[in-house]
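Here are a few friendly notes to read with the model open beside you.

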Amino acid sequence: MVLDKEESVSLVSLQSREKPRGCAGCNRKIRDRFMLQALDRYWHEDCLKCACCDCRLGRLGSTLYTRANLILCRRDYLRLFGVTGNCAACSKLIPAFEMVMRARDNVYHLDCFACQLCRQRFCVGDKFFLKNNMILCQLDYEGGHLNGSAERQPQ
């Protein structure tokens, strides 16, 4: 089982009389005036970086993420391991990096964003309607194939 972990990053002042600590990133002594403390270890400010984009994590804020022995910034963590939620049409997970369509509180894969009666996919500029929490094309909406009130959704 892989555990996800959100960790805080702290900027620590090195006291002049304090013995220099070893950097967890490069294994050299930290002789700078400031060092970072994260994951119960100490780091040079330049050594604590995201494993994907190489950005310096001490500059981005006070949080980093770990998973599968990787140290990551929030953006790369969500891109690699995050989820947007479940698709309202197929109920499968949607990865955080995937493009989606939204209608009210519902989120859809692009391929799933279609009339739920006739399966016609929507193109840019097409009108769609939300009726009984189902997405409908204009023809099926106006045909009244479902009972209940409908709400027109702006694009």
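This is a predicted model: local features need pLDDT of at least 70, side-chain atom pairs count only at pLDDT 80 or more; totals for chains, interfaces and linings use all residues.

1. Leu-110 sits in the loop that links strand S12 (106-109) and strand S13 (128-131). With a relative accessible area of 38%, Leu-110 counts as partly exposed, because that class lies between the buried limit of under 20% and the exposed limit of over 50%.

2. Strand S12 itself reads quite differently on burial: Asn-106 and Tyr-108 point one way, Val-107 and His-109 point the other way, and all are buried.

3. What does S12 pair with? Its antiparallel partner is strand S11 (residues 100-103), joined to S12 by 4 bridges. Within this pairing, Val-100 has His-109 as its bridge partner. The hairpin of S11 and S12 has 2 residues between the strands, and Arg-104 there adopts a positive phi near 55 degrees.

4. Elsewhere you will find an open sheet of 3 strands, paired antiparallel in the order S2-S5-S6. Strand S2 (10-13) and strand S6 (41-43) are the edge strands; each has a single partner strand, so one side of each lacks a neighbour in the sheet. From one strand to the next, the twist averages 40 degrees.

5. For a closer look at that sheet, follow S2 and strand S5 (residues 34-38), which pair in the antiparallel sense over 4 bridges. Ser-13 has Phe-34 in S5 as its bridge partner.

Conventions
Residues are numbered from 1 along each chain as its sequence is written. Side-chain values use heavy atoms; hydrogens and water are left out. Two strands pair if DSSP finds at least two bridges between them. Axes are lines fitted to C-alpha atoms, for helices over the stretch in contact, and angles run from 0 to 180 degrees between N-to-C directions. Buried means under 20% relative accessible area, exposed over 50%, partly exposed in between (1.4 Å probe, protein chains only).
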